[in-house]
Amino acid sequence: MTQELRILAPDSFREKLNRRAFIKAGTATAGMAVVLMACGGSDSSSPDTTAAGVAGEASGDWSRVINQASGTLAMYTWGDYDDPELVGALAESSLGVKMKVDYFPSNEDLITKLSAGGGTSSGFDIVVPTGPYIVQMVEKGLIQKFDKTLLPNMVNVDPAFLGQAWDKDNEYSVCKNWGTTGFFYDTTKITKELNTWQDFLDACMGEASGQCAVIDAPPNFVGPYFWANGIDWNTEDKASIDAAEDFLVNKLAPHIKAFDSYPSSKLAEGAYSLAMAWNGDARQAYSRIEDAGGTPENWRWVLGAPDTELFMDTFCVAAGAPNAEAAHAWINWILIPENSIKDLEYHGYNTGLKNMEGLISELAPDLVKGDMIFFSDEQVKTMHTQVLNSSIDRFVDILNKAKAKAGA
Amino acid sequence: MTASVTFKQRRKLRAPKYALALPSMIWYTLFFVVPIAFIVVYSFGAKDGSKLLPVDLSNLSGANYANVFDETFFKVFRSTLRISTIATIGCLLIGLPVAYLAAFKVSEKWKGFILALVVVPSFTSFLIRTVAWRIPLAPNGFFSKWLVDMSWIGPQGIQVLETPMAVQIAIIYNYLGFMILPLFVALDRIDVRMREASKDLGAGRLSTFFGITLPLAGPGIIAGVLLTFIPMCGDFVTATILGGAKGNMIGSMIASQFSGAQNWPLGSAMAVLMIGAVLSSMVVGAAIVWLVSWIVAHPTPLSISLKRRMFEQSLVRSRAGKGSLLKVDILPYALWTWTALVILFLFIPIMLVVLHSFNGGSSFTIWSGEPGVKWWGELFDGTAAWAVVVRFAVIVAIALVGREVLSRKTLISKRSLNWAGPGAFFLAFIVNGALTDSYRGIFDFAGVGDAIRNSFIAAFGATVIAVVIGGFAGVSLARRPGIWTKFFMATVFLILVTPEIMDAIALATWFPRIAEFPIIGYPFKNGWGPFNGGMNKLWVGQSLYASAVVTLIVRARLAGLDESLEEAAADLGATPARAFRQITLPLISSALVAGGLLSFALCLDNAVISTLVSEAGSTTFPVALIGATRSTIKPFWGVGAVLLFTVTLGALWFVTVVLRRSGSSSSEIAATLAGN
């Protein structure tokens, strides 16, 4: 399925991104947030029908249906994964719903929380699992079927990101965004140039020993070993997994400083000199480092090589959602191009709408660090989606053992 | 109705001795004994990921225990015990001089002041204070940079975060207040004449301290040690926020077995072993204490020679002291300096929380260099929030001015006038609530706003439950002791010593089961009135520990008073209900208020149980903040914490006035708070 993905950013676009553009847009974003706050507050009596948030409106044939809803809407998602306006003041002024957002650290935690509610009373409306986990969640009855008549804006999504293996007809899920994994390091502390997962693992056990962080989710934690060694990430081969366990638990774990899925603000505090990170979080790290008075130029983002992850996170409606109507209304609303691009600018992941290139040049011409959001065809070919198979239990076990070992 | 009829009825309806403790018994059976029993059962089961409750109980075996007994688990376990032991000893050594100063060396006024300063930090969100430690300890932080500039440390800055050292510092900090309070109560109760007698007989300061003060304070020290050591062992929040991979503690390891790995059986086995280890380390500790005191108390050659030497030395010293008249007694100064430093230590994170709520940047822990009220604006609807503040100020000001006027112009007693302040506060609270959609209206950002509201609703509900069932149980224990007392006290003791993480997983795994029961399960599945299932679970979860505390406080209060008043009431023909209402209730009222206050503070801050049992609509402030620590913590969490702190202080003030009105001194208030 990775072959279906098209090139999403022209090379000329990437060249535009230099340090000056970054700083300019960094301050502009902060300023804009304040202005928008004021707008959201004053407009709350009369909900606007056009989605505010980005400069202007995209040209072309887009569906922009807005269904009003009421009450509160509870979303359970990953950390720093939504523009605060879009899950706050804007949602209230445009849709009439008050949103509450809670965060989980891994898909496993999400499933546990929903299961603890017996699948019917978790209280969440919208949940954001990663694609492969949807099968299991449907089996356990944790998410409900969409009412597609309430999601007319789904036509805005690029067909390449619809009909995935885990949900062929998008009965339960729609793409929120997709992303990939790489690492981020301080070039003043690690002088050797790092380019591959093997470099990452070597640095973690070498120069950056005791200063490196890894993602705290089972498949991501085991990924670098497989990718570095040219083994299929989705292998079910016992010998390969045993070897991975031996390496990750006995060799790598003692050098790890933290299991941290969102290292951006701790990178800015100076806690790590090397961290495995999802592309969007690494992109946010640049502005945090800037914020802390650090020097972003000293930090380098590397897309994992020779192979790496491709994940797609999806919006789903939880089974027994107290406000399913509002959940549909919000999901439909976020698929409006202006909202989607505003969200993209914040979290730094490709939201998978049609004609992404055109949308960016029209709505977000000053987008910073676009090369961390959009990838070339060649890069995308190296990314692989996770398949949820029998090995996941082993991966969970390996992560737990590594945690115990690292703390010992 | 004549008296004789009443007597007859009373005899006929004579309830069993433990009748008043029945609500507690049912509560503890349903929500403590059975869930914990299930954990024990789970620990022999096997993981089955395909089920909603991922446990397969068809083949019970001890395999999980075999899996737990591996090297890495023991290493984490050992480091948890080491951190907890060092922190307990640290708290004792740091806290003892402060308690000593407050108990012996200062006036009543200063006593209250010092105690207030020690207790107040505990009323700020535990989590935000822990997060705040990231600020001074950050390698790129101002403190670190300053140390580097002074060349006191290497250019890499402070390397403490994400290590066991950071956890160690924060744990000592977090539990210090819980150590100082019982220590103070124990020291304060010592009859000064004992110490004077010791000195009159020629004992020096040291031998008085070790020979008289310390042994008499023994129970308080043990209480302090228990109050700190046990929660520390189960603490996983501090380790999660500050410890990184190296500062891992057993609590987080167990929690991740339940939430991340979905391996309930293995997690259960770990939890069972953990409580076993905590209990046995307490037994070992008790044995050591007993051994030492036995050696000191009994005339062995060692202790005799030790005592003789101490006595001789102090004689020499006191003679020398009498010789030089100008010699300045430095002890009080040293104690004062130490206390000031401890109080500064307690307040540093709180000051940083307040400061960083005015951070202009986008992360709570990283000071951007630009102060601003941006995040206050982000969290609050400015107009509505100011209106609330103004209404509070105006109503309280009117009341305070009115009090002054009335106290001068009229003969209304000063005591009843003391109600004016808190009364006005309460009135303002009601008025503002009515005008702002129960305070929803003042928040622009529902995430923090609703979390704060939920925290108060959860803590209030749990406190009511705790005060009611704990109050009845306390009365029953003091007034109707019997064989049942032993079993009941054992349960209460178990609730107090079970690490919270164990209760949390027991309840989190129990609720899905109990939700399927008819009637009992209904509130947990469908909610109750405006409160959803999650809120009901929070009330249950938070009320367990709190009700045990209330039970002990009420029992202790009544144990000191004999039953003659109630008997007199009965002799005069009062029904038991009436005697209870008119005699017993007033006697225990201050204990109930103090227990309620303590419960409220504990529940408001409850993170461990709440995280595992809460649901979407019932997310409390600590739960939401734990969620927020998984990504960048925005400065409005600091704003929320400041608000929470302010409101809690208001409640504290209210209660202190209530207790003072009933004539308690600060020593008594502290004593009630510490459960003695």
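Mentor: Rings of Phe, Tyr and Trp pair if their centres lie within 6.5 Å. Keep in mind that this is a predicted model.

Trainee: How many aromatic pairs does a search of the whole structure find?

Mentor: Over all chains, the search finds 60 aromatic pairs.

Trainee: How is a pair of aromatic rings described?

Mentor: By the distance of the centres and the angle of the planes. Take F392(B) and F425(B): their centres are 5.2 Å apart, with 50° between the planes, and the pair is tilted.

Trainee: Which parts does the pair of F392(B) and F425(B) tie together?

Mentor: F392(B) belongs to helix α19 (residues 382-409) of chain B and F425(B) to helix α21 (residues 420-435) of chain B, so the pair connects parts 33 residues apart in sequence.

Trainee: Is F392(B) buried or exposed?

Mentor: F392(B) counts as buried because its relative accessibility is 17%, and buried means under 20%. F425(B), at 23%, is partly exposed.

Trainee: Which residues do ring pairs link into a cluster?

Mentor: The cluster includes Y76(A), W78(A), Y81(A), F104(A) and F124(A), along with Y262(A), W278(A), F311(A) and Y349(A). Over the face of Y81(A) lies K176(A), 3.6 Å from the ring centre. Elsewhere, K369(A) lies over the face of Y286(A), at 4.0 Å from the ring centre.

Trainee: What is a disulfide, and how many does a search of the whole structure find?

Mentor: A disulfide is a covalent bond between the sulfur atoms of two cysteines. The search finds 1 over all chains. It joins C204(A) to C212(A), with an S to S distance of 1.9 Å, and both cysteines are buried.

Definitions and conventions: Residues are numbered from 1 along each chain as its sequence is written. Chains are lettered from A and ligands numbered from 1 in the order in which they are written. This is a predicted model: local features need pLDDT of at least 70, side-chain atom pairs count only at pLDDT 80 or more; totals for chains, interfaces and linings use all residues. Side-chain values use heavy atoms; hydrogens and water are left out. A disulfide is a pair of cysteine sulfur atoms within 2.5 Å. Buried means under 20% relative accessible area, exposed over 50%, partly exposed in between (1.4 Å probe, protein chains only). Rings of Phe, Tyr and Trp (its six-membered ring) pair if their centres lie within 6.5 Å; planes under 30 degrees apart count as stacked, over 60 as edge-to-face and the rest as tilted. Helices (H or I, at least four residues) and strands (E, at least two) are DSSP runs, numbered from the N terminus. A charge sits over a ring if NZ of Lys or CZ of Arg is within 6 Å of the ring centre and within 35 degrees of the ring normal.
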